[in-house]
Amino acid sequence: MEIVSQAPCRVSLFGGGTDLPEFSSKYGGFCLNMAINIRQKMEIECDTTEDQFGNLTFPVGGNERFYKTIMNEMGVSEREMGIEAVFDGELTGGLGSSAAAAVCLVGTINKYKSLGMSRAGIAERAWEIEVNRLGLYGGRQDQNCAAFGGVNGMEFRGDRVTVLPLDRRFVEELYPSLVLFHLGFNRKDPKIQEGFKNLIQEQVFYLTQIKELVIEATLYIGEGDIEAVGKLLDKSWELKKKSNKGVGNNRFEEVLKRAKDLGVWGGKICGAGSGGYCIFMIDPDKRQKLIDELGIKWVDFDIDWQGLDCRIL
């Protein structure tokens with residue numbers, strides 16, 4: 001049996017950090033994110049022969065233990081499955097690539113074993129393995145975005161996640177204003193998010209303000225006031241830097257200043273921060289000038305409305 005699977009990465013626009021268990025379990029978290037067509041992809045041979053035993057390839061920078069742990073936790077032996085995994089982007093870049101890979105593999109095993117898991121169930125299982133078995137601390141928005149796709153508001157109450165999809169009509173004006181770049185270096189510290197493990201009152205204050213911006217941004221999107229959304233993105237980035245040390249760096253601040261000189265309303269480093277991908281919001285009429293003159297790598301992307309996709313060939 002051969003199965004091909006793919007799952008999208010995400011750009012978290014507002015609310016990042018409030019999905020972490022330490023905050024969401026006490027105060028409730030809320031995020032606004034979009035799945036994008038930078039994807040984790042896998043071609044998997046099931047019921048492998050002895051010649052295929054141990055056949056596992058993964059993206060540069062990937063970790064063999066990551067894939068094998070998920071297989072073992074899902075009750076699949078190495079003799080049953082050969083995996084060829086590829087990734088469209090760069091790992092540790094802040095797009096939730098590990099969550100997309102975990103959702104992709106859990107979803108494949110769900111298809112192979114006919115487990116009947118829902119998208120929400122796949123996302124939760126992927127999160128549980130990543131955090132509790134692999135020690136990759138993080139919240140739940142990445143896995144749910146990879147599983148469901150689209151543009152969503154997501155509410156977090158402890159281990160309960162409510163996905164609230166935004167109608168495509170509401171985001172038609174948003175997408176042309178979004179421009180994705182790569183800074184030229186990726187996050188070096190894998191444990192930046194662990195700064196939220198023991199929340200102090202100051203962090204709770206800033207995370208609460210970050211959460212409040214989600215509702216405000218969603219209302220502006222519905223009204224078609226995209227410039228107001230962009231200015232909120234700038235405000236959110238300032239709060240993000242205050243909420244956790246190590247999120248920003250001088251290099252990005254230089255890039256952000258230059259981007260503002262070119263007309264952007266706001267911008268941020270994606271994910272946990274410190275490096276990798278960054279996103280800006282700008283008047284669509286000024287978009288091309290930004291791409292041409294900012295001086296870092298522009299990354300073409302679109303919204304992924306499908307989410308996890310697994311097919312038996």
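Contact here means heavy atoms within 4.5 Å. The model shown is predicted.

**View 1. Q141 and its surroundings.**
Q141 lies in helix α5, which covers residues 141–148. Q141 touches R10, S12, G16, D19, C31, N33, M154 and F156, leaving aside residues up to four places away in sequence. With S12, the link is also polar: the two side chains make a polar contact at 3.1 Å. Is Q141 buried or exposed? The relative accessible area of Q141 is 3%. Buried means under 20%, so Q141 is buried.

**View 2. Helices α4 and α5 where they cross.**
Helix α4 spans residues 119–133. The axes of α4 and α5 come within 8 Å and cross at roughly 145°. On the α4 side, the contact is made by R119, A120, A123, A126, W127 and E130. On the α5 side, Q143, N144, A147 and F148 take part. The crossing of α4 and α5 is right-handed.

Helix α3 runs over residues 97–113, a stretch of 17 residues. How far apart are the end C-alpha atoms of α3? They are 24 Å apart. At 1.5 Å a residue, α3 should span 24 Å, so the two values agree. Of the 17 residues of α3, 14 are buried, so this helix is largely enclosed by the rest of the structure. Just after α3 comes S114, with a positive phi of about 50°.

**View 3. An open sheet of 4 strands.**
The strand order is β8-β9-β7-β10, and the pairing is antiparallel. Which strands form the edges? They are β8 (266–269) and β10 (297–299), since each pairs on one side only. From one strand to the next, the twist averages 30°. Strands of a sheet pair through backbone hydrogen bonds, in a parallel or an antiparallel way.

**View 4. Strands β8 and β9 in detail.**
Strand β9 holds residues 277–281. How many bridges join β8 to β9? There are 4, and the two strands run antiparallel. K268 stands opposite I279 in β9.

**View 5. Helices lying across β8 and β9.**
Helix α8 (residues 226–243) lies across β8 and β9. The angle between α8 and β8 is about 40°. Helix α9 (residues 250–261) also lies across β8 and β9. The angle between α9 and β9 is about 25°.

Definitions and conventions:
Residues numbered from 1 in each chain as written. Predicted model: local features only at pLDDT ≥ 70, side-chain atom pairs only at ≥ 80, totals over all residues. Heavy atoms only, no water. Buried < 20%, exposed > 50% of the residue type's maximum accessible area, 1.4 Å probe, protein only. Polar contact = N/O pair within 3.5 Å; in protein donor to acceptor, adjacent residues only side chain to side chain. Expected span 1.5 Å × (residues − 1). Pairing = 2+ DSSP bridges. Axes fitted to C-alpha atoms, helices over the stretch in contact; angles between N-to-C directions. Left-handed = near helix turned anticlockwise from the far one by under 90°.
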